[in-house]
Structures are given as structure tokens and as C-alpha cells.
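Subject: The structure I promised you

Hi,

Here is the structure we talked about, ready for you to open in your viewer. Have a look at it, then read on for what turned up.

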Amino acid sequence: MTKYFSKTHEWVEIDGDDATVGVSAYATKELGDITYVELPKEGSDVIVGDSLGVVESVKAASDVYSPISGTIIAINKNLDDDPGIVSNFPESKGWICKLDNIDLDELEDLMTEEMYAKYLKTLG
């Protein structure tokens, strides 16, 4: 499975016709310990740039934006009880939601892991 990243530090991993979305390790490191995650509603349709919810930490609150369009088919309910999963496993168990009806053409506007690593070096 290939993972893509947005300039707003969300990731999307494509698995067949579905996509899993989360927040990058860089973003969680910048935010610090995650204390609360506001999750989107299942069944909602989102387009690129729509807010999927909010991640709150001891330092700040940050919107999570959808890197790809689709319909939310699942949310990570584990984050209700343990939002720290996002801090500890941002690019695996700390996923935010899963989408279907995705538009694969939108991946062209995102960065591969290698491109994202280069992008992070440009941030001061």
C-alpha cells in the first residue's frame, strides 16, 4: 500500500477502493501529547480540504483536513477512549477515518513519502 501526504500534514493510504486517513508523525510531534480527537461522522461525504475533525493537544488544537474526496465509512472509535494513540502511533493505529468512493486522480496533488520528507526539510 502506498502512503501519500498533504502539505497540511495529513496522510492517506490507499487499499484497493478504500482510503485510510490520519495525521503525520511530524504533525503529532509538533502538537505534543494529543488529549482529544473530534472525529467526523460516518456516512458524511467529504471533498479535498474539508475538515474531518480536530486534534487537540497540550499545546494547540488543529483541524484535520481530508487529503482526498470520498465517503466516510469508518471512524477510529478507539480514539474516543485513548486519543494518545494518535501521538504514539500516528501513521498506523492512530488513523482518523476510512473513506470509500475515493477519487484516485486526486493523489496526483499529494506527496509520496520521499517527497514529503524533502518538504519537511524546507520547513524551518
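This is a predicted model: local features need pLDDT of at least 70, side-chain atom pairs count only at pLDDT 80 or more; totals for chains, interfaces and linings use all residues.

Let's start with Asp 15, which lies in strand S2. Asp 15 is partly exposed, with a relative accessible area of 49%.

**Glu 10**

Strand S2 covers residues 10-15, and Glu 10 lies in it too. Which side chain of opposite charge is nearest to Glu 10, and how far away is it? It's Lys 7, 12 Å away. A salt bridge needs the nitrogen and the oxygen within 4 Å, so Glu 10, though buried, has no salt bridge.

What does the side chain of Glu 10 reach instead? There's a polar contact of 2.4 Å with the side chain of Thr 8, and the Glu 10 side chain also reaches the backbone nitrogen of Tyr 65, at 3.0 Å. Beyond its neighbours within four places in sequence, Glu 10 is in contact with several residues, including Tyr 4, Phe 5, Val 23, Asp 63 and Pro 67.

**The salt bridges**

Side chains of opposite charge can pair when their charged atoms come close. How many salt bridges does the structure hold? Two.

One joins Lys 3 and Glu 91, with the closest N and O atoms 3.9 Å apart. Lys 3 sits in strand S1 (residues 3-5), while Glu 91 sits in the loop between helix H3 (84-88) and strand S9 (97-100), so this pair ties together parts that are 88 residues apart in sequence. Are the two partners buried or exposed? Lys 3 counts as buried, at 9% relative accessibility, while Glu 91 counts as partly exposed, at 25%.

The other is between the side chains of Lys 77 and Glu 42, at 3.0 Å from N to O. Lys 77 is in the loop between strand S8 (70-75) and helix H2 (78-81), and Glu 42 is in the loop between strand S4 (34-38) and strand S5 (45-46), so the parts tied together here are 35 residues apart in sequence. Glu 42 is partly exposed, with a relative accessible area of 41%.

**The rings**

Now for the aromatics, where the count comes to two pairs. In one of them, Phe 5 and Tyr 116 have their ring centres 4.3 Å apart and their planes at 5°, so that pair is stacked. This pair links distant parts of the chain, with Phe 5 in strand S1 and Tyr 116 in helix H4 (residues 113-122), 111 residues apart. Phe 5 and Tyr 116 are both buried. Ring pairs also bring in Tyr 119, making a cluster of Phe 5, Tyr 116 and Tyr 119.

Two lysines lie over ring faces as well. Lys 93 does the like with Phe 89, lying over its face at 4.4 Å from the ring centre.

**Ser 69**

Ser 69 is in the loop between strand S7 (61-65) and S8, and it is buried, with a relative accessible area of 12%. What does its side chain reach? The backbone nitrogen of Val 48, at 3.2 Å. Leaving out residues up to four places away in sequence, Ser 69 touches a set of residues, among them Val 46, Ile 47, Asn 101 and Glu 106.

**Two backbone angles to look at**

Most residues other than glycine have a negative phi. His 9 is not a glycine, yet it has a positive phi of about 75°. You'll find His 9 in the loop between S1 and S2, where it counts as buried at 14% relative accessibility.

Asn 101 isn't a glycine either, and its phi is positive at about 55°. Asn 101 is in the loop between S9 and strand S10 (111-112). Is it buried or exposed? Exposed, with a relative accessible area of 59%.

How values were computed:
Residues are numbered from 1 along each chain as its sequence is written. Side-chain values use heavy atoms; hydrogens and water are left out. Helices (H or I, at least four residues) and strands (E, at least two) are DSSP runs, numbered from the N terminus. Buried means under 20% relative accessible area, exposed over 50%, partly exposed in between (1.4 Å probe, protein chains only). Rings of Phe, Tyr and Trp (its six-membered ring) pair if their centres lie within 6.5 Å; planes under 30 degrees apart count as stacked, over 60 as edge-to-face and the rest as tilted. A charge sits over a ring if NZ of Lys or CZ of Arg is within 6 Å of the ring centre and within 35 degrees of the ring normal. Lys and Arg count as positive and Asp and Glu as negative; His and the chain ends are not counted. A polar contact is a pair of N or O atoms within 3.5 Å; within protein, one must be able to donate a hydrogen and the other to accept it, and residues adjacent in sequence count only if both atoms are side-chain atoms. Contact means heavy atoms within 4.5 Å.
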